[in-house]
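Please keep the structure open while reading.

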Amino acid sequence: MALIFDVIFYILIFLSVFVQVFFLVTFLENRKKIIIRNGKITLKHYPAVTITVPCWNEEKTVYKTVRSLLALNYPKDKLKIILVDDGSTDGTNNAISKFTGYSNIQIFHKENGGKYTALNLGLEKMETDFFGCLDADSFADPESLVRIMSYFEKDPSIMAVAPSVTVCNFKTTIQNAQKAEYHMGVYFKKMLGFLGAINVTPGPLTIFRKKVFDDLGPYRHGHNTEDMEIAYRMQKNHYKIEHCNDAFVYTNTPSSIKKLYKQRLRWIYGFINNTLDYRSVLFRKKYGNFSVFTLPVGVISIFSVSFFFSRIIYNASDFIGSKILAFDTLGWSSMFQMPRLDLFFFNVRSFSFIIILIYFLVIFAMLFGRKMAEGKWAFSLSMFYFFPVFAFCSPFWLAKAVYNTILKRRPNWR
Amino acid sequence: MIDWKKYLIVLLITICLFLTAGYVSNYFAGKKIGQLKSIQDNIAINILSSETQFSLLQESSCKNVSASVLSSELDELGRKLEWSQKNSLGSTDEVAYLKKYYSLLQIKDYLLMKKISVSCKVKSAFILYFYTTAENCSECKRESLVLSTLREKYPELRVYSFDYSTDLSAVKALLQIYKIKDTELPALVLDDELLTGFHSIEELELSVKESFKLQEVKPE
């Protein structure tokens, strides 16, 4: 039995290293292509863009979100904004009614039907060749849209461009941990962009060509992750998705463990179920790296996280067990015995070195992601929050997502 | 569309990283085994030297002979060997061989120290402790904790611990002498008296003190 566990352990570690090295090699291959623009840029043509803001009980942030759109460095007559109140029950209506006088803003109210229905209303009302969404909890950087549009201008085969999403508020430990994670996400997304294997076109400001929806149809429910489903559908139909690393969108992240848990449960559930829905694309070389790299990596990471976590739990309970035994035998005196520091007891089995290596590669991903997002090479405290927070929380939402999938239970949005 | 060459290169890099990690691991494991061997050799020399010295001088120079090997040295070696076995350091044979050697050294030290204590009238107490690693024996773990605490408290107390499953004739002889069965582990031998099962620190402390007292009475 112990042997089987050791074999699984080593296989998962091997795969984890493979994935990290794969990203690193992709980085080294393409590092010269990563351009970070600082100043303003101009385009030859400014095509008209419609941006839909679906809102469901977002009274606190939606005003600022729309303001950030109005502040975009993009000709006002080329930017159409559609605000869709998806049956909010709070003050969202009041917040968005402040924009009634604006010529380029249209406001719609509808019964609550889910984010994808709000987006589809936006699609119905759209009259432009480009369409985008901006979640009502996110804020666009003034230069973001023009930078994204420059990708479309450069390459007509590009069908969608995703921005770099980073965190705008980081008061709590949980938010700090996410900041590091989002930085890492910028790096991985850029690498997936090079591989043509992006699997999410995030709600905050991904811009699509109208053709995508004309050819492939509108948004679908997609297990509450419509921004993942549309990306899967595009990959299946060989529509190119790019990542514009210097277009920044700032998003509000969950502030507590409970909120984070709900959000991640929805994401992971979406990943599992969209992957099941699109299982026919798995390991088919005609679907490219998306099919042989992105999706298998997602599946492997679910297994690895669960397995490594159960190992940590096993070791921890072993340790606690021995402490209880010592307490039971010798009483309080056993609690104050300091273990003698002796290098002899440092574990030198090969996986110790491999795990150190994986940590280094992950930290590199965070550092470079931060370099792309904030323009500086620097460690931050949030990187140290990341490991404990995600190591101890992610197994729970993973397990719950798998459990829900098996029982066909859909998690709520919030 | 898919760059298979890249997948192959990444696979090769990953294999190289694993081989390097394996090599580094082996290197350090070798160093540790070497460290264990040198501690053991050191102890062996000390025991042999004390033995020889004792034979040469007989009772004329008790001062120089007594306790040439510290109880803590043997204890530390024992702990390191246990850890090595648990964490599969080096090859199983290698650690098993070291463990056998260690058991033998303990027996030699026991015999020598007993002789010295009688001839030189050194206050001392001896515990032979038998445990098992073959099965999950929580009583054994508790007893080990009790014994290490006692050993720290009474430097004159020498505890010798033996793994029941050690494949060594000298250990088997000990098991035979004290009629120790594998169903009654942990087992302790204190002043030639066999105690089986778990014994608390208070209980053993009393017996150890008793043993010291007997020795104080003896000279009369």
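## Helices across the chain B sheet

Helix α5 (residues 138-153) of chain B lies across β1 and β2 of chain B and runs at about 160° to β1(B). Helix α4 (residues 92-120) of chain B also lies across β1 and β2 of chain B, at about 145° to β2(B). Axes here are lines fitted to C-alpha atoms, for helices over the stretch in contact, and angles run from 0 to 180 degrees between N-to-C directions. Helices (H or I, at least four residues) and strands (E, at least two) are DSSP runs, numbered from the N terminus. Two residues are in contact if their C-beta atoms, placed from the backbone, lie within 7 Å.

The model is predicted: local features need pLDDT of at least 70 and side-chain atom pairs count only at pLDDT 80 or more, while totals for chains, interfaces and linings use all residues. Residues are numbered from 1 along each chain as its sequence is written, and chains are lettered from A and ligands numbered from 1 in the order in which they are written.

## The sheet of chain B

In chain B, four strands form an open sheet with mixed pairing, in the order β2-β1-β3-β4. The edges are held by β2 (157-163) and β4 (193-196) of chain B; each has a single partner strand, so one side of each is left without a neighbour in the sheet. On average, neighbouring strands of this sheet are turned by 20° against each other, direction ignored.

Strand β1 (residues 125-131) of chain B pairs with β2(B) in the parallel sense over seven bridges; two strands pair if DSSP finds at least two bridges between them. In this pairing, B:Ala125 stands opposite B:Leu157 in β2(B).

B:Lys179 is exposed, with 9 other C-beta atoms within 10 Å. A residue is buried if 20 or more other C-beta atoms lie within 10 Å of its own, exposed if 12 or fewer, and partly exposed in between, with C-beta atoms placed from the backbone.

## Domains and the chain interface

Chain B is divided into domain 1 (1-117) and domain 2 (123-220), with bounds that come from an automatic or database domain assignment. Contacts join 14 residues of domain 1 of chain B to 17 residues of domain 2 of chain B. On the domain 1 side, α3 (71-86) and α4 of chain B are the elements that give two or more residues, and α4(B) gives the most, with ten residues.

Between the chains, 28 residues of chain B are in contact with 23 residues of chain A. The elements of chain B that give two or more residues to this side are α1 (4-57), α3 and α5; α1(B) gives the most, with 16 residues.

Chain A is divided into domain 1 (1-33 + 138-326 + 348-414) and domain 2 (47-136). Their centres, taken over C-alpha atoms, are separated by 27 Å. The contact involves 25 residues of domain 1 of chain A and 24 residues of domain 2 of chain A.

## Helix α10 of chain A

Helix α10 (residues 289-330) of chain A has 42 residues and reaches 59 Å from its first C-alpha to its last, close to the 62 Å expected at 1.5 Å a residue. The expected span is 1.5 Å times one less than the number of residues. A kink of about 25° in α10(A) is centred on A:Val297; the bend at a residue is the angle between axes fitted to the seven residues ending there and the seven starting there.

A:Val297 is also one of the buried residues of α10(A), which include A:Phe290, A:Phe293 and A:Ile302. The cover over the buried residues of α10(A) includes α1 (2-30), α6 (173-195), α8 (226-236), α9 (257-277) and α12 (381-407) of chain A, together with α5 of chain B. Just after α10(A), A:Gly331 takes a positive phi of about 80°.

Among the buried residues are A:Glu226, A:Asp227, A:Glu229 and A:Arg233. Their cover includes α4 (115-125), β6 (158-167), α7, β8 (240-251), α9 and α10 of chain A.

A:His238 is in the loop between α8 and β8 of chain A. Its phi is near 60°, a positive value in a residue other than glycine. With 14 C-beta neighbours inside 10 Å, A:His238 counts as partly exposed.
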